Structure formats: structure tokens, C-alpha cells
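User: Could you walk me through this one? I have not looked at it before.

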Amino acid sequence: MKILAIDSSSMVASVAIADEKITIAEYTINSKKTHSQTLLPMIEDMFEKSEIPKSEIDYIAVAGGPGSFTGLRIGCATAKGLGLAWDKPLVKIPTMDAIAYGVFGVEGVVCSMMDARREQVYAGLYRFVDNEMQTIMEQKPVEVRELIEQLNAMGEKVTFAGDGIEVYESIIKEAVTTDYVFAPTHTNRNRAAALAALAVKYIEKNKVISAAELVPDYLRVSQAERERNEKIKSQA
Amino acid sequence: MQDIKILAIESSCDETAAAVVVNGRDVLSNVISSQIDIHTLYGGVVPEIASRKHIENINPVIEKALSDAKMTLDDIDAIGVTYGPGLVGALLVGVAEAKAISFAKDIPLIGVHHIEGHICANYIDNKELEPPFICLVVSGGHTHLVVVKDYGEYEILGKTRDDAAGEAFDKVARAIGLGYPGGPKIDKVSVDGNPEAFVFPRAKITDSVYDFSFSGLKSAVLNQINAAGMKGEEINVPDIAASFQKAVVDSLVTRAMTALEETGFKKFAIAGGVASNTAVRSEFEKECKKRGISFYCPSKILCTDNAAMIGSAAYFEYKKGVRSDYHLNAIPNLKLGER
């Protein structure tokens, strides 16, 4: 069984080919270049260098959100196009779950967080028990300070991962009262290899969808929708 | 000669569309999923909502285009996709999807200019039409007077300096309470109006005989409405709409006819959303006939945003050997004739 995994939900563009046993290929770039230009050339390059025939791919795993709205759509449209053309199922993985899975096995609580601007993050809380990742708090948009209060109340050691760390480092340093560490550089951002590894678990439980079904979970409505809802509410 | 079958994808604004076109002229399928209902709630196209709708709709639309054409991707020779101009987030959905399908099945990819697509809609409905000719592209986002020198070769004679013609329709329609989308609504109420009831300005651009301007006209209409409001008079909506529409049509016709007279071309075509306007079609037909010029226009369905026109444009590029690589990006302000 081979999985092609794609994560373009943040600044990082990351693609991987993996099976149940190993990561066969992974290509990760953290640059300012637009995913629209880099993502497919990276996938093409990875197939060429690994000499894996495209026909051997059985599943396409994709970071299903949250993240940058445009980044999510580029990754999802790519996955949908591949799934349609190959007639293969898709595995949609919550972005924060995949980041947390990257630090598999650490003690205490894992907090993955991505910047959602205005002192907010998209965050999820996890714990590793008996070789499985358990979700303590499902991914959601949350105020950084509110999240930290929750972590302080839990009182356990925290491992932080995701690009939210860089943005809110000073707040974390100032406000977190428990023991904590920042994940090292090879696991502190979105990695398609982690996404693929987690996808294996989904496939075992047959949690797959069709290419047509895939839509990103933005976890936020558009600005126009929000303003309209507020207007309707104030008129009511 | 072997038939060339192109799967085309279009997502530049608020229609998610896919089509299968043979040899640039024969449409085997033309699927359009319109988002107009949702954008009507906001009085115009909301880019983020349009992008979200595209990603929901794109696979079923492509699958239907293939099944309507009784084909699979294995029958397809090339994939054409709109990569500009348009809303960048919306374009990116189609571009990413097209690149993925092209890569997955090793089918050549061709990035298509949206306006070029509109022009090529004429090749679908007018099988005998061949370049050279003059084409006026008028839509919600564009007003271009173009010499089509050859397939895929264009010279822009004039364009709008401010609002696109369709944009003026939308703004005026909103001001007189007709709502979105303005074009079809003004077209409809104008039938009962007197186009001579108000005299609105026809803007002239001092340094160009072919450029357009519609913002002055739009302001004049808004002033008329405000003035009536101040005096407590009721406005006659059909009269305002008909008079405004006449002013737009006059501006378009004057420049196009000047271009035909100056250049000596004997063929003229219109394209784009506004080309489905009844007054635009009938006025151009009449003026062309007067001058012995052959007039062409696409059927109404091919005037709106669709993928069949993209499939036609992609075919002529394909024949010239044009291919896009996987670095193809969405270019929101792509100029006609640029790659």
C-alpha cells in the first residue's frame, strides 16, 4: 500500500510518498514561494527521483485544514485532481493532528498551533498513550492566552509544535507556568511524512473519502459571511 | 486528420465550469455550475466565497463534462485551463486541479487566457468564422476592442479606462433597486422603457478614439436618481434603465464602427457576458448590416463564463505547439496576448 501525502496549509509545502513501513520520499520546502508554483513540480520531482510508478499510489492523504485558505485549496484541489484522475480514495487529516503526530511518543501534552492572526491560533491538544495518539482537545481557533490558561490548569509538561510558536513565542515564554519545550526544527512545522504515517491509521479504520467529497475545514467563515451574520443579528 | 479532444476547466469568477471540445469548434459537453444565488445575497461576487464554492463543485462538474461527452480521461488529448485574468483564489482552484489531472494521466496542459476564451466562443457557434476580424469583448470585468489577426494573435485597439461595461450595468442596477446581476435585469426592464427619456453622456477619450469610459455615465445616472430623490419625485425605472443602456450601446457601437471603417475589416464579432444583452446584439447587427459587414456573436450560453470557450482557445494553442509546465500559476491581471 502506498500513500501520496500533501500539506500546503501553511508557509511550508510538503509532499511525501510512504507505505506502512517507511517514508519512501519526502520533499519539504519552507520558503516564500507560492504553493501554486512549487507543489506540483515537487510531486513530479519526487516521483521521478524515487522511481515509484504513479500507478502504485493507492491513497492520497491531504492536510484538510485549518490553515491558509488559499494554501488549503491548492493542496485540496491537487489531491482532488489526482484522486479523480487515478480513481483513488482520499484521506483527509486534520492539519493540527498531523503536526502533533510529528512528535510521536513525547511525555505529557502535545500542543500544535498555527497562527490564525489577531492573537489567535488554530490549536489542538494531544497525548500519546500505548503507542496511539489521543486527542485531548480537537483542533479549533482559540485565543493564545486562553489556550495557555488551559495548559497551565492541566499542569503537565507541554511540547509545542507548529508555526504559531514563532509568532507567539514571547507570549508563551511570559505566560506558560508549566514545564514546556519547543519541538526541534525537524518536527516544528508541517511535514507530509507525519501526515502519511497518520493516514495509515485512518486507512486501517477505513476512514477514507472520495475525491469529490473533499472540502477543506477552514474552521472560520469568510469575512463577508461574518459581517453579514453580524448585520442580520443586530437587526434581529 | 485525427480529432483533438480537449477537456477544459474554467473557474476565474463565480462559475465553476468544465467542457469537452473537439477540434476547437464542436462542443461535446458544457457544464456550468453557477454560484449566482449565493453571491446575490452579498450584492456581488465575494472572492473567498467563490473560491470555496469552486472547490466544492469542481470534481462533480468535471466528471459530468466527461460523462456527458461519453468519454474518460483516457480519450482526452489535452487539458485547457483558465489561468487569468480573474479572481486569484478562484483561478487557483482550477489551475491546481488541471495540473494534477494533467500530471496524473500524462495529458498535456495548456494555460488559457480568459478573454481569448470569450473571443473563441465565436468559433464554436460560427463554424465558418476565421481570422482576421475585429472583436469587441464586453463583460463584467472587461471591455476590449481587439483585432484578431490570426488564431491566438491579438492586437488591442482600445479598452476601458475605468469601469467595465458590465460593471456599470451592475452599479446602475443596484442604484435603481434592480439588484444583482445588473445586466440581465436592466435588459429586461428596458424593454418597457423609453431610451430617449434621459440624455446621458457618451464619454470621449481625448487621446484615443478606441478607449472606453463608463464611470462618468454611471455618475450621471446616479446624479439623476439623487436629484429626483431630493425633489421627492419617483424615478421611472424602465426609462432610466433604457436610457442608460442606450448610452452604453452607443459608446460601444461608435468605437467598433470607427475601428471597422479605419481598418477595413469586413468581419465583426462580439463576445463576453454583455454580448448576451438584447439591445447590444440587435444594435450591432443593424449597424453591421448597414455597412455590409458580417456580424457574428456566440449563443447566449457561450457569452457567459463557460469552459467550452476555453476548450476552443486551448485547441488553437495546442495546434501551435503551446504547452504549459507545472509551474503554471494563476495571474489575476494577465494581459491579452501575453504568456
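Analyst: We can go through the contact between the chains, then a strand, a helix, the domains and a single residue. This is a predicted model, in which local features need pLDDT of at least 70 and side-chain atom pairs count only at pLDDT 80 or more, while totals for chains, interfaces and linings use all residues. Residues are numbered from 1 along each chain as its sequence is written, and chains are lettered from A and ligands numbered from 1 in the order in which they are written.

User: How many residues does the contact take from chain A and chain B?

Analyst: It takes 30 residues from chain A and 30 residues from chain B, where two residues are in contact if their C-beta atoms, placed from the backbone, lie within 7 Å. On the side of chain A that touches chain B, helix H1 (35-50), helix H2 (69-86) and helix H7 (223-235) of chain A each supply at least two residues; helices (H or I, at least four residues) and strands (E, at least two) are DSSP runs, numbered from the N terminus. The largest share of that side, 13 residues, comes from H2(A).

User: Where does strand S4 of chain A sit, buried or exposed?

Analyst: Strand S4 (residues 59-63) of chain A is mostly covered, with 5 of its 5 residues buried, and a residue is buried if 20 or more other C-beta atoms lie within 10 Å of its own, exposed if 12 or fewer, and partly exposed in between, with C-beta atoms placed from the backbone. A:Tyr59, A:Ala61 and A:Ala63 point one way from S4(A), whereas A:Ile60 and A:Val62 point the other way. In a regular strand the side chains alternate between the two faces of the sheet.

User: And which strands are joined to S4(A)?

Analyst: Strand S1 (residues 3-7) of chain A runs parallel to S4(A) and is joined to it by 4 bridges, two strands being paired if DSSP finds at least two bridges between them. In that pairing, A:Ile6 has A:Val62 as its bridge partner. Strand S5 (residues 90-93) of chain A is also parallel to S4(A), with 4 bridges, and there A:Ala61 stands opposite A:Val91.

User: What do S4(A), H2(A) and S5(A) make?

Analyst: They make a right-handed β-α-β unit, right-handed meaning that, with the strands pointing away from the viewer, the path from the first strand over the helix to the second runs clockwise.

User: Switching to H1(A), which of its residues are buried?

Analyst: The buried residues of H1(A) are A:His35, A:Ser36, A:Thr38, A:Leu39, A:Leu40, A:Met42 and A:Ile43. What covers them includes strand S2 (12-18), strand S3 (23-30) and H2 of chain A, together with helix H3 (88-105) of chain B. After H1(A) comes A:Glu51, whose phi is positive, near 55°.

User: What about the domains of chain A?

Analyst: The domain assignment gives domain 1 (3-95 + 191-222) and domain 2 (96-182), with bounds that come from an automatic or database domain assignment. Their centres, taken over C-alpha atoms, are separated by 23 Å, and 16 residues of domain 1 are in contact with 13 residues of domain 2. Helix H6 (residues 192-204) of chain A gives the largest share of the domain 1 side, 4 residues.

User: Last one: why does B:Ala164 count as buried?

Analyst: B:Ala164 counts as buried because it has 23 C-beta neighbours inside 10 Å. B:Ala164 lies in the loop between strand S8 (153-159) and helix H5 (165-175) of chain B. Not counting residues up to four places away in sequence, B:Ala164 touches B:Ser139, B:Gly140, B:Gly141, B:His142 and B:Thr143.
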